[in-house]
Amino acid sequence: MVAPSLGSRGRRISWAKAGEIPAGLLRTAVMSSQLIGLVVSAIGCIIAITVAVGLPALAIVAVRFFKFKERELTLEMEYRQKSQETELAIEQQVQGVEQRVRRLEEVLTSLDHDVRDRLGIESRPATSLSSRPEFVEGPAAPDAQREQSLDPSRTKAR
């Protein structure tokens, strides 16, 4: 037999046989098998309740998110359409103004000799206004506005 020795806490440990671990140093079972079963079933219930409540909530959130995205895309498409219409209207107005300016330049250069000299334009033979009626006419007005302007009952007398 082996002689007794001092343990880590100062107690005497006696070894009965060589290679045998004394009963005091062996670990005891921390959890019983019944306790493990209860813990597993509790975790299973918690997961089942979480899934039962979480999936419908997740579905509601997903539906609302996709409705929001659809509305956002619809608004963006309407905005782009309106901006394109606005750009088209602005382009048409700019073209109208450019045509009027060209018409005015042509009238001025055809009528005024001094302006032609200042701009360095060669003098052309003088043309009468009766031969170029587009210089005399103003911009085209809609028929409804012409009728209102010609209607004497709508004018105020002073």
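Select Leu-35, Leu-38, Val-39, Ile-43, Ile-47, Val-51, Leu-55 and Leu-58: they form a nonpolar patch on the surface, with about 740 Å² of accessible area together. A patch like this joins nonpolar side chains (Val, Leu, Ile, Met, Phe, Trp, Tyr) within 5 Å, from residues with over 30% relative accessible area and no salt bridge. A salt bridge is a side-chain nitrogen of Lys or Arg within 4 Å of a carboxyl oxygen of Asp or Glu. Accessible areas come from the Shrake-Rupley method with a 1.4 Å probe.

This is a predicted model: local features need pLDDT of at least 70, side-chain atom pairs need 80 or more, and totals for chains, interfaces and linings use all residues. Residues count from 1 along each chain as its sequence is written, and side-chain values use heavy atoms, without hydrogens or water.

Now pick Val-51. It sits in helix α1, residues 33–111.

Next, select Phe-65 and Phe-66. The structure holds 1 aromatic pair. The ring centres of Phe-65 and Phe-66 are 5.5 Å apart and the planes stand at 70°, so the pair is edge-to-face (centres within 6.5 Å, planes over 60 degrees apart). Phe-65 is partly exposed at 43%; Phe-66 is exposed at 56%.

Zoom out to the whole chain. Colour by secondary structure to find 4 helices and 2 strands, in the order β-β-α-α-α-α. These are DSSP runs: helices (H or I) of at least four residues, strands (E) of at least two. How many of the 158 residues count as buried? The share is 4%.

Note on methods:
Rings of Phe, Tyr and Trp (its six-membered ring) pair if their centres lie within 6.5 Å; planes under 30 degrees apart count as stacked, over 60 as edge-to-face and the rest as tilted. Buried means under 20% relative accessible area, exposed over 50%, partly exposed in between (1.4 Å probe, protein chains only). Patches are made of residues with over 30% relative accessible area and no salt bridge: like charges are joined within 9 Å, nonpolar side chains (Val, Leu, Ile, Met, Phe, Trp, Tyr) within 5 Å.
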